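Visitor: I would like a close look at one part of this protein. Please take me through it step by step.

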Amino acid sequence: MELPRSTSVLIVGAGPTGLATSLSLIHYGFEDFVVVDAAVKGDNGSRAIAVHAATLEALDAIGCGDELVSKGTKTAKMRFDTRVAELAHIQFDALSPYTRHPYALIIPQTFTESVLGEKLASFGVTVYRPHKVVDLKINANDGNLADVVFDDGQVITTRYIIAADGAHSTIRTAVGIAFVDPKSDCTDDSGILQQAALADVTFDALDLNELHFRGVMSPNNFSLCACLPSTFNEYLAKEIGKPTEGKIYRIVCGVPQAKGVVPHSLSKEYMQTLIDEFGPLDLSSHPDVNPSGKGVRIKDILWSSRFRTHSAIADTFFTRFSPGDPSEFQGPAILLVGDAAHIHSPAGGQGMNLGIRDAVFLGEALAKHIKATESMPASEADQILTEFVTERRARALEVIGLTKTLLSIGGMKDENVAWWLPVSKVTLRDWALWMLGKVYYLRREAAWSISGLGRR
């Protein structure tokens, strides 16, 4: 596909973050942008499955929330269990006095991308695929423009580049922005689960309707199970041309280091072994363990992946790409959003949510900046973007700290508290969660924190 030769704003990456940035710019009255992505449509995996209240409110602000809500499943609470007993639950419906979205919306990321992509297409915007950025240069005729070079040799000249191209961002690397773990003081990383396997599956049992959105904590590990919306079956049938029978479930399970590296391709046998060892007992394949008296086995794996639970954040989310000093306010503007700016563990379902909120708020800030440059020097106008990225980076650091804390609780080591207190940390954790889970105020506070309403 032939690319435009120039644009004011080039958005690199058309996942949820890049799409939300585009929709936000349109909402705030700016349409001179181009969106490119390295992947063929449909290549993006399922990954995140929950959209939280603060994110839905941000999408509402640009007229995109209702379409997403209509496709997902609203869940009022999330349970946290051991393999044999319920411990506590996060009560999202307790947020009803504070938001019109007192729930977590269960919808796979690939479906979220589809909904946002259709919304963008309704405005007549084309996402150019597959076009991979391979180089970035200062324009020979204007030092405030960048020439972005693609793998097929085509070049787009632009004044602003928004890097929404993921954790391995080509744009971030090209301009030399460091991307490292902030080493939050909230916990010791040595006790945190390092890797996990995840898959969208169907089971051979048809009577699993009562499965809740829940996490299961076992010694040294954590797993999660969620039923995906029936609209996802319809979406898959349309995309792959083959209907999927039965409910689809997302299974996420930590994999202890002792079990080796998670395979690149996950088999049914591998995932079933993890469920049998670390998952809820009502999904066990062993009839003598499963409370129903019948074994439940994975029928099909529709999609699978693996991830490592490390964290990183860019030193800055905004810079000027200049052969000289970026503080001289010369050179094309580079802005990082989503995973290009920050990554962390998926605990609490925060990654995509924070990225979408980054994108929605960036659209407003960038539209203001572009307008401001018409009447003031760049040194003054850039203050708009500097203040914006300072706030967003602070939010990202808060989320990284939250996810590390959640992961350290979920994957707590099964060891004694101290030599003089021979009580298992896991036992103490389970007891504390059970006690705290009895308090409505604390359940509501947990929901408030996870929802993002306190750190938009």
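Visitor: At roughly what angle do the axes of helix 4 and helix 6 cross, and within what distance do they come?

Guide: Keep in mind that this is a predicted model. Helix 4 covers residues 109-121, and helix 6 covers residues 230-240. Their axes cross at roughly 75 degrees. They come within 11 Å. Angles of 65 to 115 degrees count as roughly perpendicular, so helix 4 and helix 6 are roughly perpendicular to each other.

Now the residues at this crossing. Helix 4 brings Thr110, Phe111, Ser114 and Glu118 to the contact. From helix 6 come Thr231, Phe232, Tyr235 and Lys238. Sorted by class, the contact has 3 nonpolar, 3 polar and 2 charged residues.

The model has 1 cavity of 30 Å³ or more. The volume of this largest cavity is about 30 Å³. Its lining is made up of Ser223, Leu224, Cys225, Ile251, Val252, Ile275, Gly279, Pro280 and Leu283. Two or more of these residues come from each of strand 15 (221-227) and strand 16 (249-254). Strand 15 gives the most, with 3 residues. The class count for this lining is 7 nonpolar, 2 polar and no charged residues. The contact of helix 4 with helix 6, by class, has 2 charged residues.

Methods. Residues are numbered from 1 along each chain as its sequence is written. This is a predicted model: local features need pLDDT of at least 70, side-chain atom pairs count only at pLDDT 80 or more; totals for chains, interfaces and linings use all residues. Side-chain values use heavy atoms; hydrogens and water are left out. On a 1 Å grid over the protein atoms alone, a cavity is a set of points where a 1.4 Å probe fits but cannot get out, and a pocket is an open set with protein on both sides within 12 Å along at least five of seven lines; lining residues have an atom within 4 Å of a point. Grid points are joined across faces, edges and corners, and a volume is the space filled by probe spheres set on the points. Helices (H or I, at least four residues) and strands (E, at least two) are DSSP runs, numbered from the N terminus. Ala, Val, Leu, Ile, Met, Phe, Trp, Tyr, Cys and Pro count as nonpolar, Asp, Glu, Lys and Arg as charged, and the others, Gly among them, as polar. Axes are lines fitted to C-alpha atoms, for helices over the stretch in contact, and angles run from 0 to 180 degrees between N-to-C directions. Angles under 35 degrees count as roughly parallel, over 145 as roughly antiparallel, 65 to 115 as roughly perpendicular and the rest as oblique. Contact means heavy atoms within 4.5 Å.
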